[in-house]
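Hi,

Here is the structure I promised to pass on. Have a look at it first, and my notes on what turned up follow below.

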Amino acid sequence: MTTAAEASMMNPVALFMEADIVVQAIMVGLAIASLWSWAVIIDKAMRFSALNRQANTFEDAVGSGRPLEDVAAQAGPNPVHPLPRMLVIALADWREARTRGPLTENQANLLMSRIDRALDSLIAREGQRVENGLGVLSVVATSSPFIGLFGTVWGIMNAFGAIASSGNTNLATVAPAISEALFATALGLAAAIPAYIAYNKFSIDAGKFTGRLESFADDLQAAVARRLGGPTSPAPQPAHSSGLYDHSRREL
């Protein structure tokens with residue numbers, strides 16, 4: 001039959017209430033760190049899911065055969081998602097260059113360079129944006145086990161001090177104090193393990209999303225380069241092939 005002492009050793013509330021003030025402070029800090037990391041985990045999971053879902057919808061619209069002008073118009077002048085924002089930037093620079101008439105080779109190179117810098121800047125900002133919060137997960141994952149270990153060492157030192165002062169080496173006497181100390185390590189691991197797993201997963205997701213942006217930027221630049229490599233006369237094009245998109249090629 002489980003005694004009252006054994007039951008209290010398995011009760012987290014009892015372990016916290018009976019712990020030393022230093023160990024209690026460590027436990028509270030680890031609990032706050034765990035809650036903070038879980039808030040970041042839930043937020044990042046929802047954000048990545050929304051970003052990838054919107055990206056899939058946008059890429060389906062681009063690959064459907066519709067002119068890019070129509071896709072950009074549907075996204076609006078200031079889209080929130082980076083993929084349609086990249087398209088809006090490229091189309092705006094393209095239209096501005098077209099209004100000036102035929103482009104010389106130097107002007108074409110300047111246009112490509114301007115689009116490249118604008119897209120690279122946007123990708124860099126979005127890369128930082130999707131990585132926001134990962135630093136919290138990294139800190140929690142790396143520091144929580146050591147903080148919990150410090151609480152364990154502190155608690156065991158107190159337990160040995162109690163043994164020395166009482167002269168009683170009975171295990172039943174010191175077991176509660178040792179359990180309180182080890183509970184701090186358990187809290188440290190409970191905070192660190194989910195944060196470590198989530199940090200690695202979201203780091204991979206952030207890299208994949210950034211790569212997705214870079215691939216789309218390459219497609220846009222290739223589309224501009226194809227148009228610049230074609231006839232440079234300012235004669236109007238048919239409505240179905242205006243802008244950067246060419247239905248006959250079925251690509252950007």
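This is a predicted model: local features need pLDDT of at least 70, side-chain atom pairs count only at pLDDT 80 or more; totals for chains, interfaces and linings use all residues.

**What I found**

Let me start with Leu-110, which lies in helix 6; helices here (H or I, at least four residues) and strands (E, at least two) are DSSP runs, numbered from the N terminus. Leu-110 counts as partly exposed because its relative accessibility is 49%. For that wording, buried means under 20% relative accessible area, exposed means over 50%, and partly exposed is in between (1.4 Å probe, protein chains only).

Residues are numbered from 1 along each chain as its sequence is written, and side-chain values use heavy atoms, with hydrogens and water left out.

**Overall fold**

The protein has 8 helices and 0 strands, so you read α-α-α-α-α-α-α-α along the sequence. Of its 252 residues, 38% count as buried.

Helix 4 (residues 68–75) has Leu-68, Glu-69, Val-71 and Ala-72 buried. Seen down the axis of helix 4, these buried residues fall within an arc of 160 degrees, so they line one face of the helix. The arc is that of the directions from the helix axis to the C-beta atoms. On the face of helix 4 turned away from the buried side you will find the exposed residues Ala-73 and Gln-74.

**Salt bridges**

How many salt bridges does a search of the whole structure find? It finds 6, a salt bridge being a side-chain nitrogen of Lys or Arg within 4 Å of a carboxyl oxygen of Asp or Glu.

- Asp-43 pairs with Arg-47, and their closest N and O atoms are 3.0 Å apart. The two are separated by about one helical turn because they are 4 residues apart in helix 3 (residues 21–62). Asp-43 is partly exposed at 33% relative accessibility, and Arg-47 is partly exposed too, with a relative accessible area of 47%.
- Glu-126 forms a salt bridge with Arg-85, the closest N and O atoms being 2.4 Å apart. This pair links distant parts of the chain, with Glu-126 in helix 6 (residues 105–131) and Arg-85 in helix 5 (residues 82–98), 41 residues apart. Glu-126 counts as buried, because its relative accessibility is 6%.
- Lys-201 and Asp-205 meet through their side chains at 2.6 Å, N to O. They are 4 residues apart in helix 8, so about one helical turn separates them. Lys-201 counts as partly exposed at 46% relative accessibility, whereas Asp-205 counts as buried at 17%.

There is also a network: salt bridges that share partners join Arg-85, Glu-126 and Arg-129.

As a reminder for the pairs within one helix, an α-helix has 3.6 residues a turn, so residues three or four places apart point the same way.

**Surface patches**

Patches are made of residues with over 30% relative accessible area and no salt bridge; like charges are joined within 9 Å, and nonpolar side chains (Val, Leu, Ile, Met, Phe, Trp, Tyr) within 5 Å. Accessible areas come from the Shrake-Rupley method with a 1.4 Å probe, and for residues only the protein chains shown count as cover.

Asp-120, Glu-214, Asp-218 and Asp-219 gather in a patch of negative charge on the surface. Lys and Arg count as positive and Asp and Glu as negative, while His and the chain ends are not counted. The place of a charge is taken as NZ of Lys, CZ of Arg, CG of Asp or CD of Glu. Helix 8 (residues 171–229) gives the most to this negative patch, with 3 residues. Glu-214 lies in helix 8 and counts as partly exposed, at 40% relative accessibility.

Leu-189, Ile-193, Tyr-196 and Ile-197 form a nonpolar patch on the surface, with about 420 Å² of accessible area together. Ile-193 lies in helix 8 and is partly exposed, with a relative accessible area of 48%.

Ala-192 is also found in helix 8, but it counts as buried because its relative accessibility is 5%. The C-alpha atoms of Ala-192 and Gly-148 are separated by 10.0 Å, and the two residues are 44 residues apart along the chain.

Cheers
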